[in-house]
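Me: I have a model open and would like to know what lies behind the words used for it. Could you take me through them one at a time?

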Amino acid sequence: GWRRAMGRPALLLLALCAAGARGLYFHIGETEKRCFIEEIPDETMVIGNYRTQMWDKQKEVFLPSTPGLGMHVEVKDPEGKVVLSRQYGSEGRFTFTSHTPGDHQICLHSNSTRMALFAGGRLRVHLDIQVGEHANNYPEIAARDKLTELQLRARQLLDQVEQIQKEQDYQRYREERFRLTSESTNQRVLWWSIAQTVILILTGIWQMRHLKSFFEAKKLV
Amino acid sequence: MGRAGARSASALLLLLLVLLRAERPRGAELTFELPDSARQCFHEDVEQGARFSLDYQVITGGHYDVDCYVEDPLGNTIYRETKKQYDSFTHRAEVKGVYQFCFSNEFSTFSHKTIYFDFQVGDEPPILPDMGNRVTALTQMESACVTIHEALKTVIDSQTHYRLREAQDRARAEDLNSRVSYWSVGETVALFVVSFSQVLLLKSFFTEKRAGPRAPHS
């Protein structure tokens, strides 16, 4: 009786699972690597969901799901250090939190040997990347913390404001970097101009002296 | 048995809600690098009558321009622009199906571009999935919350646009910084090369005609 009560809803859930992420999708080749850049402030959570489908050459259609397909996900922080480098199945979910503000690079590529059997293999990748406040799952938070609708809305507003604050801090950091770059350019232009003028004068003097001694040696002067 | 049944049912309902929320992503905001002479396409399934919008901007690369076109499921081009730096396009879907939008850098031979796009479909889903079926009007508190939420979304949007502009300017400034170094070093080297070769060339003129000036003397 208990098993039967669990059975039907579980099947429904499985059916929903199979439908999967129905968002944006794109096509990549067999060994092609596709990278996305996320410019984010620090302590920001990023959640990525993907689902892959393989092209079936005989049926000329994308198979709904292909077990055995693997996708390698690699995430690099702004300094180039690898934050996440993992192999997932044909359907996966990856999460990371940034510890330094800046450009994070999320790269996906498939390294499945099964695709070698299909000439000109193509993969359809459904991808969804949620950053910061968008990564929060509000129904889950409402159920976990037992919040009323109004409290949940207030929580959403608080999360949004927190994200705005983080972005503003990041903005300040970026402006400082921009200012340092501009001042460095200013310094470089100044010093190189002076150096080049000095070198020009010195070279001129050397030329005159050298030629003068040359012509005196040749008894032309 | 009843209580356990009710608990498992509510747990399943919660799972269902979670899955429903996870199953309907309503927008995609991505930044990717488009190599030279390349074209990248993205596809999204849109319901009939739904309104979608596409914002895109070129952040770095070349002359900061890209070609973009949007096609409906029947293959008609509903939007096409060439060499645009940024643009915004909204459209109401008349046909249900997969809409395709592509960015092309085929006109460029050696500059790869970083492109940001934001593709939003339909309206934002309610914060709890069952809110769509409410029969009563919103209370004052709730409508105040909704107003604040919309206003904050505008703030976040403008922050994003500001960040993209700043990224563009910063990329140019860093490019200028490194270019100043290279050109300065290059010019110094050229200066040395030119002055030495001038002297050598001049010396070579007089070394060849050594026999010449002697003739009038004798």
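**Strands, pockets and loops**

Me: What makes strand β8 (residues 113-121) of chain B largely enclosed by the rest of the structure?

Reply: Buried means under 20% relative accessible area, exposed over 50%, and partly exposed in between, with a 1.4 Å probe and protein chains only. In strand β8 (residues 113-121) of chain B, 8 of the 9 residues are buried, so the strand is largely enclosed by the rest of the structure. A word on the ground rules: this is a predicted model, where local features need pLDDT of at least 70 and side-chain atom pairs count only at pLDDT 80 or more, while totals for chains, interfaces and linings use all residues. Residues are numbered from 1 along each chain as its sequence is written, chains are lettered from A and ligands numbered from 1 in the order in which they are written, and side-chain values use heavy atoms, with hydrogens and water left out.

Me: Thanks! How do you know which strands pair with β8(B)?

Reply: Two strands pair if DSSP finds at least two bridges between them. Between β1(B) and β8(B) there are 8 bridges, and the two run antiparallel. β3(B) is also joined to β8(B) by 8 bridges, again antiparallel. Both pairs therefore meet the requirement of at least two bridges. If you want places to look, B:E29 stands opposite B:D118, and B:F52 stands opposite B:V121.

Me: How many helices and strands does chain B have, and what makes a run of residues count as one?

Reply: Helices (H or I, at least four residues) and strands (E, at least two) are DSSP runs, numbered from the N terminus. On that basis chain B has 3 helices and 8 strands, in the order α-β-β-β-β-β-β-β-β-α-α from the N terminus on. Of its 218 residues, 37% count as buried. Chain A comes to 3 helices and 9 strands, and buried residues make up 43% of its 221 residues.

Me: Where does the name "domain: GOLD" in chain B come from?

Reply: From a UniProt annotation in an unreviewed entry, which covers residues 39-121 of chain B. UniProt positions are given in the numbering used here, feature names are shortened, and annotations may be inferred rather than shown by experiment. In the model that span is 0% helix and 67% strand, with its end C-alpha atoms 23 Å apart. The unreviewed entry for chain A lists residues 189-208 as "transmembrane region". Those residues are 100% helix and 0% strand, and the end C-alpha atoms lie 29 Å apart.

Me: What makes an opening a pocket rather than a cavity?

Reply: On a 1 Å grid over the protein atoms alone, a cavity is a set of points where a 1.4 Å probe fits but cannot get out, while a pocket is an open set with protein on both sides within 12 Å along at least five of seven lines; lining residues have an atom within 4 Å of a point. The second largest pocket has a volume of about 740 Å³, that is, the space filled by probe spheres set on the points, with grid points joined across faces, edges and corners. Its lining has 30 residues, and A:D103, B:T60, B:A167, B:A171 and B:E174 lie nearest the centre. α2(B) gives the most to this lining, with 10 residues.

Me: How are the residues of that lining divided into nonpolar, polar and charged?

Reply: Ala, Val, Leu, Ile, Met, Phe, Trp, Tyr, Cys and Pro count as nonpolar, Asp, Glu, Lys and Arg as charged, and the others, Gly among them, as polar. The lining of the second largest pocket then divides into 11 nonpolar, 7 polar and 12 charged residues.

Me: Why is A:K146 called exposed?

Reply: A:K146 has 68% relative accessibility, so it counts as exposed. A:K146 sits in the loop between α2 (138-145) and α3 of chain A, and its phi is near 55°, a positive value in a residue other than glycine.

Me: And why is B:S37 called partly exposed?

Reply: B:S37 has 42% relative accessibility, so it counts as partly exposed. B:S37 lies in the loop between β1 and β2 (39-46) of chain B, and its phi is also near 55°. B:P35 is found in the loop between β1 and β2 of chain B too, and is partly exposed at 39%.
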